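Keep the sequence and the 3D view side by side.

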Amino acid sequence: MAKRPVFQDVTADTPRTAPPAGGMIDTAPKGARRAIRAWLIVIFVMVAAMIALGGATRLTGSGLSIVEWKPITGTLPPMDQAAWQAEFDAYKQIPQYTQENASMDLAGFKRIYWWEWSHRLLGRLVGLVWALGFVFFWATGRIPPGWTPRLLGLGVLGGLQGVVGWWMVHSGVATTTLTSVASYRLAVHLGLAFAILGLIAWYAMQLSRSEAELLRARRAGEAKLFSISTGLMHFAFLQILLGALVAGIDAGRQYTGWPTMGGEWIPAAIWDPALGWRNFFENPALVQFVHRMAGYLLAVFAVVVWARARRSPHPVTRGAFTVMLVAMAAQVCLGILNVIHGAPLGLALLHQLGAVALFVLIIRARHNARYPFETSIRGATK
């Protein structure tokens, strides 16, 4: 290349290097964020439906109607009378039938069978939708940088959930005493479902904005509010586990008074020396009492977090915490109604779906505390 004088004019013909259109974080393609988010939302809806269907399966006493785990061949239900009879005969061998349903006929068995079969089928469909989506996005190179382990992790957790589900069912099949699944195994199963649901919700929120937007938003994040909302999320998760323990032994149907329990503020049967530490899992009085007290504390904690959020300079963040508090109040009311009415099927399912909504709204508020939406003089930009 020929040298030119230092003071030579630069003409219009001199090639120029165009400045980058944006910051360096935007110079490379970041994958199909919107498409992956839509895929995750579909899975989220399916998981939420599975939680509700699982609740219905438990409340109708259907969870032990299928006594074998056949991940592939179990996809199809019995196709003829002989197959139905074989399934019914297998069910007759477990304590739930001999101790509670000895008068059940084949028609009655079919009614509980369909609940459990539908629950397992939906679980298989969730796995299929995840697998097809993941393989497609991975094979076409559309997964944003750093997201492959996260999306793969969801599939691993889903597979683990299937194993935990059978571990739970097995507690009521390979036994001579239990007539339902072990309550602590039910709590693990439900807790893992909520963990998966929470991760999907968080990932979908992350994918709703670009990496550049998230980076800018994080600089304006409120560390203290994020910290206490994280504590609220963990407390809500613990309360969900306690609710599973209540459901596992039908404790919600044994003390139907409110605000007292059987006319007592602290029930006399709250501790059985013969049970020892198992009181926390098997004693209906203690299990329901703990769930009630934790519910009150959770509601108070939510008010404290909301009050802190009112000082946020971001309108969208303040709104998210207000919506969370309204959901908390509704959930407390649903819990009281369930206690008073002895947890009927419809009301109990509504309470469980309320837990799903509340948990996700807490996560949403927490996300806004960490990544607040940009605001202007006129208010929120989004």
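Val47 is buried, because its relative accessible area is 10% and the cut-off for buried is under 20%. Bear in mind that this is a predicted model. Val47 sits in helix H1, which covers residues 33–59.

What does Val47 touch beyond its neighbours within four places in sequence? Its contacts there are Val126, Ala193, Leu197 and Ile200. Take Val126 as an example of distance in sequence against distance in space. Val47 and Val126 lie 79 residues apart along the sequence. Their C-alpha atoms are 7.2 Å apart.

Now widen the view to the nonpolar cores. The largest one has 72 residues, and Trp39 and Leu40 have the most contacts inside it. Helix H6, residues 183–207, gives the largest share of this core, with 13 residues. Setting aside neighbours within four places in sequence, Leu40 is in contact with Leu151, Leu154, Ile200, Tyr203, Ala204 and Leu207. Another core lies apart from the largest one. This other core has 21 residues, including Val67, Phe88, Ile94 and Val181.

Next, the charges. Side chains of opposite charge can pair when their charged atoms come close. How many salt bridges does a search of the whole structure find? The search finds 7.

Start with Arg120 and Glu116. They form a salt bridge, and their closest N and O atoms are 2.7 Å apart. Both residues belong to helix H4, residues 106–139. They are 4 residues apart in this helix, so about one helical turn separates them. Are these two residues buried or exposed? Arg120 is buried, and Glu116 is buried too.

Move on to Asp250 and Arg253. They also form a salt bridge, with the closest N and O atoms 3.9 Å apart. Asp250 counts as partly exposed because its relative accessibility is 33%. Arg253 is partly exposed as well, at 35% relative accessibility. This pair has a further partner: Arg58, Asp250 and Arg253 are linked in a network of salt bridges.

Finish with Arg278 and Glu282. Their side chains meet in a salt bridge, at 2.8 Å from N to O. Arg278 has a relative accessible area of 30%, so it is partly exposed. Glu282 has a relative accessibility of 37%, so it counts as partly exposed too.

How values were computed: Residues numbered from 1 in each chain as written. Predicted model: local features only at pLDDT ≥ 70, side-chain atom pairs only at ≥ 80, totals over all residues. Heavy atoms only, no water. Helix = DSSP H or I, 4+ residues; strand = E, 2+ residues; numbered from the N terminus. Buried < 20%, exposed > 50% of the residue type's maximum accessible area, 1.4 Å probe, protein only. Contact = heavy atoms within 4.5 Å. Salt bridge = Lys/Arg side-chain N within 4 Å of Asp/Glu carboxyl O. Core = buried A, V, L, I, M, F, W, Y, C linked by side-chain atoms within 4.5 Å.
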